[in-house]
Amino acid sequence: MTENTPTDSDTPTDSGTPTEADVLVVGSGVAGCAAALSAAREGAEVLVVTKAERPEQTTSHWAQGGVATTRSDPEAFERDIIEASADTADPEAVEVLVEDAPEAVEDVLVETLDVPFDRNPDSSDFDYGQEAAHSEPRILHVNASTGKHLLGPFLNHLDDHERVTVRADTAALDLITHEGRVHGAVVEQDGERESVFAGATVLATGGIGALYRNSTNPETATGDGIAMAALAGADVEDMAYIQFHPTAYAGEDPFLVSEAVRGEGALLRNADDERFMPDYHEDAELAPRDVVARAVADERERTGGVYLDVSPLRFAESFPDLAEKCEARGVDWESGIPVEPSEHFLCGGIAVDDRGRTDLDRLFAVGECARTGVHGANRLASTSLLEGLVWGLRAGESAVGFDPERVEAPDLLDRDPDLPSGFAREKFVRLRRVMDEQVGLRRTPDGLQRATAVLRRLKGEVDAYTRTRTSRSLYELRNASVVSLLVARQAMDADPVGCHALAEDESDADDEEAEARAGD
């Protein structure tokens with residue numbers, strides 16, 4: 001993602017009659033789809049609202065590598081996840097993921113959706129891929145574009161489900177809460193605003209890639225669910241743990257160069273044509289992502305550039321989608337693909353248990369917006385789609401059985417004139433500059449202090465508008481400013497060196513999160 005920004009929109013109006021659903025799911029990536037499917041299977045009437053207008057506006061669609069799954073050695077899978085996290089992952093959460101993986105993948109992805117995972121040409125067996133920090137090949141994949149081949153069938157299946165309604169281009173603006181319980185959300189579609197009351201609400205809003213200039217996420221990833229939950233009083237944890245992917249194309253119109261390419265034998269070389277990863281880690285190109293990302297950044301700074309040498313493999317044959325992307329941008333992949341680290345995945349988020357429950361009654365969170373504990377400070381490759389699937393199924397099942405209750409919805413005001421032209425766009429440019437320079441791959445205590453001061457002022461400016469105006473672009477900017485401030489503040493309580501700072505002292509985190517929720 002480059003300089004794409006949410007655009008200013010017209011002020012919405014109230015549509016009148018509220019909508020009711022047994023379960024409201026906010027977001028339409030794999031985690032949201034899994035939650036909707038699971039709840040519908042339990043007999044619930046499910047409403048899915050998503051601000052995406054098409055699948056490619058969801059983070060899941062952009063996933064390239066695949067879906068890691070448990071094969072013959074569950075303990076090895078658990079070990080790989082925990083070791084990749086630098087021993088910061090929650091072992092109980094990891095056990096849930098590994099135990100549920102085979103049934104979830106077989107039931108939903110294979111039998112229900114018939115995802116066309118690649119198979120070995122000489123047999124009918126799946127062609128399990130090898131990726132960094134995995135001790136064995138265990139990645140189910142479709143070329144290097146697994147996400148789009150998975151999400152499209154999932155959405156089509158839900159469209160045909162009699163108990164599921166999907167409303168695209170519909171943004172959730174605020175949660176409806178009363179005395180610690182969540183009763184749904186205020187949503188906006190086509191300039192009209194309405195209250196949706198639900199027995200339970202599941203947030204599946206994805207990550208925070210829009211907070212950075214370069215990201216492997218779509219521009220819609222503004223941290224909406226995390227901000228809404230935090231402002232409602234939910235616990236938010238590990239926001240400092242942001243994973244930067246080491247190999248995004250370093251040029252105009254960037255794209256992710258899947259880790260599977262290195263798994264097949266591609267090598268990283270600097271501008272002096274030197275292979276450097278063996279000097280950084282014994283696993284070289286297949287070291288954990290945080291190690292590779294820092295090494296790529298170091299070598300780019302030291303020599304002026306880094307490229308991925310794909311000559312050891314049949315690149316066009318093994319990864320035709322990536323070869324096509326290179327050709328579309330005029331990249332001669334035979335001479336190497338220039339790469340750089342790019343924001344990729346938030347390992348923290350809304351704190352949840354093993355069923356996706358938050359500490360607010362009847363509010364659930366799944367997928368990248370949730371902090372399950374599986375990833376700790378650094379996510380093992382190709383576990384994000386699996387986590388979304390497993391926790392989505394669990395949360396959807398647990399969200400069933402509550403009756404919708406109508407309470408007073410938030411009073412979103414429209415008493416002042418529309419936003420100045422380009423207001424949201426200009427503020428996003430400022431926000432991204434701060435996040436890139438001070439809260440990115442490299443962090444320092446002084447830089448984080450400066451970032452916190454700037455982000456606090458920015459949030460104050462945005463709050464002054466949200467008190468009297470309501471629009472989708474303004475609320476996306478509010479959400480981005482809240483989440484950015486949470487990231488910067490929690491990073492100050494962590495080791496600032498590196499892209500996955502390990503927590504040392506989080507004693508003040510709760511106070512600072514509360515301050516952020518209260519709007520300073």
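**Entry 1: a loop residue**

I looked up Ala-168 and found a relative accessible area of 33%, so I logged Ala-168 as partly exposed (buried is under 20%, exposed over 50%, partly exposed in between; 1.4 Å probe, protein chains only). The model is predicted: local features need pLDDT of at least 70, side-chain atom pairs count only at pLDDT 80 or more, and totals for chains, interfaces and linings use all residues. Residues are numbered from 1 along each chain as its sequence is written, and side-chain values use heavy atoms, with hydrogens and water left out.

I placed Ala-168 in the loop between strand E6 (164-167) and strand E7 (170-178); strands are DSSP runs of at least two residues, helices (H or I) of at least four, numbered from the N terminus. Leaving out residues up to four places away in sequence, Ala-168 touches Thr-50, Ala-52, Glu-53 and Gln-189 (contact means heavy atoms within 4.5 Å). Gln-189 is 21 residues from Ala-168 along the chain, with 8.4 Å between their C-alpha atoms.

**Entry 2: strand E11**

I checked E11 (residues 242-249) next. Eight of its eight residues are buried, so the strand is largely enclosed by the rest of the structure. E11 and E14 run antiparallel, joined by six bridges (strands pair if DSSP finds at least two). I noted Phe-345 of E14 as the bridge partner of Gln-243.

**Entry 3: the second largest pocket**

Which elements each supply at least two lining residues? I found helix H8 (289-303), strand E14 (337-346) and helix H12 (423-438). The lining has 18 residues; Glu-340, Pro-341, Asp-436, Gly-440 and Leu-441 lie nearest the pocket centre.

Definitions and conventions
On a 1 Å grid over the protein atoms alone, a cavity is a set of points where a 1.4 Å probe fits but cannot get out, and a pocket is an open set with protein on both sides within 12 Å along at least five of seven lines; lining residues have an atom within 4 Å of a point.
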